[in-house]
Amino acid sequence: MKKEEILEDLKRKIITGEIHQGESLTEREISETYGISRTPVREILWNLCSVNLAEQDPDKGCRVKTYTINDMIEVYNTREAIESACVRLACLSKNPNFEKEIDQMIANLESVTAVDDLETAVKYGVAVHQFIRRECNNKYLLAFLNNIKDVATLLNYFAHKSSEIEEVSRVGHINILKALKKRDQAESAKAMAEHIATTCQGIVRLQCASLLLRTW
């Protein structure tokens, strides 16, 4: 495997929990697992740290970053600020198929429930965010989002496993799209902020419940 492919594979394993938070990432183990020398492994570990999926421990070397409840809240606060700005700008889109694409996304979201088809509901929800980011047409906002992309994906993975959180998200996505179709910047931003805040609250509740179970 190439260095870039190994990096993406490690990201995937961290995001999906195959490699657990707090777990050590040693040069020797990665080198042996993927059959590469330690020099590119050091660069891979540096990259994982640079996107906040791993961190250097003075005593134990590199390990997967453990996200606290406060970390989660800060990440979602950042998303709320940036994506609310994105949806405001998306209201100004000059895409001739703007309304048609929104109608199709609304139809898709209304055709499923997360309780009955979690995977499809997640897919349709992700498409809404991709559409807004594309239509906002602001490379600087997208660069900020890209900086937290991997961490946001990791935290979203918790939500994507919960039909309860995703069902609330599905309704939130529909509200965002309806406001976006009216090109109402204030309403669109409000709907986006409420959607992200609600998702954050759901994930925090899940994590708090998980922590309580582990202490019993």
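A disulfide is taken here as a pair of cysteine sulfur atoms within 2.5 Å, and the structure holds 0 of them. In general terms, a disulfide is a covalent bond between the sulfur atoms of two cysteines. The model is a predicted one, in which local features need pLDDT of at least 70 and side-chain atom pairs count only at pLDDT 80 or more, while totals for chains, interfaces and linings use all residues. Residues are numbered from 1 along each chain as its sequence is written, and side-chain values use heavy atoms, with hydrogens and water left out.

Two cysteine pairs deserve a word. The sulfur of Cys49 has its closest cysteine sulfur in Cys62, at 3.8 Å, which is too far for a bond. Cys49 has 19% relative accessibility and so counts as buried (buried means under 20% relative accessible area, exposed over 50%, and partly exposed in between, with a 1.4 Å probe and protein chains only). For Cys86 the closest cysteine sulfur belongs to Cys136, and at 3.9 Å that is again too far for a bond. Cys86 is buried too, because its relative accessibility is 1%.

As for the overall layout, the chain has 10 helices and 2 strands (DSSP runs numbered from the N terminus, with helices being H or I of at least four residues and strands E of at least two). Along the sequence these elements follow the pattern α-α-α-β-β-α-α-α-α-α-α-α. The C-alpha trace spans about 55 × 45 × 30 Å along its principal axes. Of the 216 residues in the chain, 44% are buried. Among contacts with a separation of 6 or more, 73% come from residues 24 or more positions apart, where contact means heavy atoms within 4.5 Å.

Turning to helix packing, helix 6 (residues 118-136) and helix 9 (residues 163-181) have axes that come within 10 Å and cross at roughly 35°. Such axes are lines fitted to C-alpha atoms, for helices over the stretch in contact, and the angles run from 0 to 180 degrees between N-to-C directions. The crossing of helix 6 and helix 9 is left-handed, a label used if the near helix is turned anticlockwise from the far one by less than a right angle (clockwise gives right-handed). On the helix 6 side, the contact is made by Leu118, Val122, Gly125, Val128, His129, Phe131 and Ile132, and helix 9 brings in Ser163, Glu166, His173, Ile176, Leu177 and Leu180. Sorted by class, that contact has 8 nonpolar, 4 polar and 1 charged residues. In this scheme Ala, Val, Leu, Ile, Met, Phe, Trp, Tyr, Cys and Pro are nonpolar, Asp, Glu, Lys and Arg are charged, and the others, Gly among them, are polar.

Next come the charged pairs. Side chains of opposite charge can pair when their charged atoms come close. The structure holds 18 salt bridges, each being a side-chain nitrogen of Lys or Arg within 4 Å of a carboxyl oxygen of Asp or Glu. One of them joins Glu43 to Lys3, with the closest N and O atoms 2.9 Å apart. Since Glu43 sits in helix 3 (residues 38-50) and Lys3 in helix 1 (residues 3-15), this pair ties together parts that are 40 residues apart in sequence. Glu43 is partly exposed at 37% relative accessibility, and Lys3 is partly exposed at 30%.

Another salt bridge links Asp150 with Lys11, the closest N and O atoms lying 3.2 Å apart. Asp150 belongs to helix 8 (residues 149-160) and Lys11 to helix 1, so here the parts tied together are 139 residues apart in sequence. Both residues, Asp150 and Lys11, are buried, and for Asp150 the relative accessible area is 10%. Not counting residues up to four places away in sequence, Asp150 touches Lys11, Ile15, Val51 and Leu53.

Glu187 and Lys182 also form a salt bridge, with 3.0 Å between the closest N and O atoms. Glu187 is partly exposed at 32% relative accessibility, whereas Lys182, at 55%, counts as exposed. Salt bridges with shared partners also join Asp9, Arg12, Lys13 and Glu18 into one network.

Finally, Ile44 is found in helix 3 and is buried, at 1% relative accessibility. Neighbours within four places in sequence aside, Ile44 is in contact with Lys3, Ile6, Leu7, Leu10 and Ile36. The C-alpha atoms of Ile44 and Glu23 are separated by 16 Å, with the two residues 21 apart along the chain.
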